[in-house]
Number of protein chains: 2
Amino acid sequence: MNEPAAPGRVGDVRRRNLSLVLDSIARTGDAKPSRAQLAAGTGLTKAAVSSLVADLVESGLVSEVGLYRDGERGRPGQGLELSARRGVVGMEINVDYLAVGLVDLGGSLRFRSTVESRNRGLAPNVVMERLGNLTAEARAAAAADGIAIMGGGLAVPGLVDEQRNVVLSAPNLHWEREQLNPRSLLEDAPLGVRLSNEANSAALGELWYGDGQPDFLYVSGEVGVGGGVVIGSELYLGPGGSAGELGHIVVHPEGPSCSCGGAGCLETFAGQEAIFQAARIPEGSLSERTELLLTALAAAEPQATQAVHDAGRYLGVALASSARLMDIETVVLGGHFAVLNEWLRPALLASLERYAPGLLDPTHLTVSHLGHSGTLLGAAGQVIRSVIESPFEFLLASKLA
Amino acid sequence: MNEPAAPGRVGDVRRRNLSLVLDSIARTGDAKPSRAQLAAGTGLTKAAVSSLVADLVESGLVSEVGLYRDGERGRPGQGLELSARRGVVGMEINVDYLAVGLVDLGGSLRFRSTVESRNRGLAPNVVMERLGNLTAEARAAAAADGIAIMGGGLAVPGLVDEQRNVVLSAPNLHWEREQLNPRSLLEDAPLGVRLSNEANSAALGELWYGDGQPDFLYVSGEVGVGGGVVIGSELYLGPGGSAGELGHIVVHPEGPSCSCGGAGCLETFAGQEAIFQAARIPEGSLSERTELLLTALAAAEPQATQAVHDAGRYLGVALASSARLMDIETVVLGGHFAVLNEWLRPALLASLERYAPGLLDPTHLTVSHLGHSGTLLGAAGQVIRSVIESPFEFLLASKLA
């Protein structure tokens, strides 16, 4: 950390090695490796590891835990883990609610709060102010737990230009080319706030903190239907960064008009709002309507049953097409698709069998266990991953901060 | 070439540098670089370049051409190019025809022959025998031109296991898990014969020898409809290697049954056979039927016009869905979609505007200029690219041969 960071000189080697050691600690997870184990695992000398770990501990990224004998020469060793005293705030703006979560470096969700908020058509600054109030709760929770907030991740249900903090298009919010100032949500956080797409964040949450396989399609079910494609443990973003728009796959060419300007999109049959309307669930808050829908399904009420059956059928059409085009063999259902899985699944499986027989093994069609926390974990996780990949930059930023 | 090829020793450096020099010659194309220019471009010493080039010339991969003054010290220099005396045979089995082409290392198609052949339902060994007869023509053409055949590429309209030479599924041929022996087509060729998917090969042909952009979707129009997705100048194959199955995207959930076992697939509306049937073109050879269809279209015959309109419309649905999912912004139409472009395009553009307004710029929806040669070029090109990437292996193989 004290060497000059001149490119191509000593700084570069230390930069790489800091990342190597931090990544090894992150991967080892619960095993809490000792310095000696890290040296063996990375191929670095014990002296080098000790020096790198000293920087990581001093910066607060890594904590020493427990005391055990590491065997080799009978000396007592200390286990190392990503610090539980450093955290990142995950934030989500969705059509019917706002959510925040505090995620520590090890990936534990330490605090979570959600409020219903009808954001459709509201000006971004109004929504951002409401979110700011909710974020204050996460800050208070962090202070109470002695957790220093490093940065934040903000997920929105639309296409974003992450570099410029612009929401390019979020039709269900009626937002088009809206400039946000996410940094204002966490002004003191050294790493700022990173803007991302909701479905992509949920997919990354699943990859890093859920049952993540190296290749899968995450299906996000909110008012909008989104998708996050993970291939080779990386998000597939496409040439322009807007891949995975599963909700706007055309599932019926004579289908209804869609908020995207198109027609017959999956979202018009399987989005939350589409299901509520088809099931004749009266207006109300999201939780009230969900409750009414589940009650109607449990009572085998025909309109509700048909609405969810149709959603499952058309989701099957979209997944059949996706599997053909991208060679996807594993699907993780999130959001309301997870909530409705019991009722939706038979129609979904029948549809897959009709449109792409034998292509997707039903056991590879799973439900996310992270629930709505997946998006918060993924939004925060992107900041955590960037620190693990480039701890040197964080160390420099901390020094300056 | 004379150093031992022990891994991690001198052999590895030479291996890398041979590829570096050969790739530089390939990229420079028509400019025919001198040894001095290669040294400047690669950062290798002139002595190293001369030694590497000597091996490449001796092996026949590179030719010296022309004589010009390279300026630097007034010495005469010789330009270098990929040899036109080494070739690869591209071969294609399709539902209605067989084709072979001889491609020299520089990518020129030196010979091409196609025969109509109704291969649907024929046993693979019968088809392979017919293809063998056609391949003999390419061998004769190569001998007449003094071209040594290095290897071959065989494209088939189906999913393949390239490593095991198995056609996993080619529904339009009625082939399912068929073991082929492509090597038998060119027994003396040192590099053997590589099996590939037809649409993927055509996409690579477009990338390397056509108007290839770094990112595009190639649409193959034959009896089957296929797709090849190129992202970042690489084929996107997906986790299991079978991505790009554009023909089996569901474009109408109440559509007819498809050869894949599904229903409502693009192929059932826009495949060659589907268009001929909808246009009421009588049975006959592919060229006869194509001629009849074009005549009917020119005469504005209603059934033919409607058939091609529907094909364009449903192709638009599939491209809208593909663009949403994979963020594809450029599409290259091949096969019968290229032939029918004039009649199909209005419906295609209207459909794209209806289902994904503003997403695909019509100027980014182009027609392949390679025609049916694209598949042959791409099938052969994969072997050529593997030599350019690993010339050392070829040099070793040639010595042993």
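Let us start with a single residue. A:D145 is partly exposed, because 14 other C-beta atoms lie within 10 Å, a count that falls between the 12 or fewer of an exposed residue and the 20 or more of a buried one. Please keep in mind as you explore that this is a predicted model.

A:D145 belongs to helix α4 of chain A, which covers residues 124–145. Pick out A:R324 as well: A:D145 and A:R324 are 179 residues apart in sequence, and their C-alpha atoms are 48 Å apart in space.

## The domains of chain A

How is chain A divided? Domain 1 covers 10–82, domain 2 is made of 87–203 together with 374–400, and domain 3 covers 211–369. Between the C-alpha centres of domain 1 and domain 3 of chain A there is a distance of 43 Å.

## A five-stranded sheet

Chain A has an open sheet of five strands with mixed pairing, and their order is β13-β12-β11-β14-β15. At the edges stand β13 (234–235) and β15 (365–367) of chain A; each has a single partner strand, so one side of each is left without a neighbour in the sheet.

In general, strands of a sheet pair through backbone hydrogen bonds, in either a parallel or an antiparallel sense. For a parallel example, look at β11 (residues 216–221) and β14 (residues 331–333) of chain A, which are joined by three bridges. To find a partner across this pair, go to A:Y218, whose bridge partner in β14(A) is A:V332.

## Where the two chains meet

Now bring chain B into view. How many residues of chain A are in contact with chain B? There are 33, and they touch 33 residues of chain B. On the chain A side, the elements giving two or more residues are α9 (302–326) and α11 (341–355). The largest share, seven residues, comes from α9(A). Sorted by class, this side of chain A has 16 nonpolar, eleven polar and six charged residues.

Of the interface residues of chain A, 100% are also interface residues in chain B, so the copies meet through the same surface.

## How the copies are related

Technical notes. Residues are numbered from 1 along each chain as its sequence is written. Chains are lettered from A and ligands numbered from 1 in the order in which they are written. This is a predicted model: local features need pLDDT of at least 70, side-chain atom pairs count only at pLDDT 80 or more; totals for chains, interfaces and linings use all residues. Two residues are in contact if their C-beta atoms, placed from the backbone, lie within 7 Å. Helices (H or I, at least four residues) and strands (E, at least two) are DSSP runs, numbered from the N terminus. Ala, Val, Leu, Ile, Met, Phe, Trp, Tyr, Cys and Pro count as nonpolar, Asp, Glu, Lys and Arg as charged, and the others, Gly among them, as polar. Domain bounds come from an automatic or database domain assignment. Two strands pair if DSSP finds at least two bridges between them.
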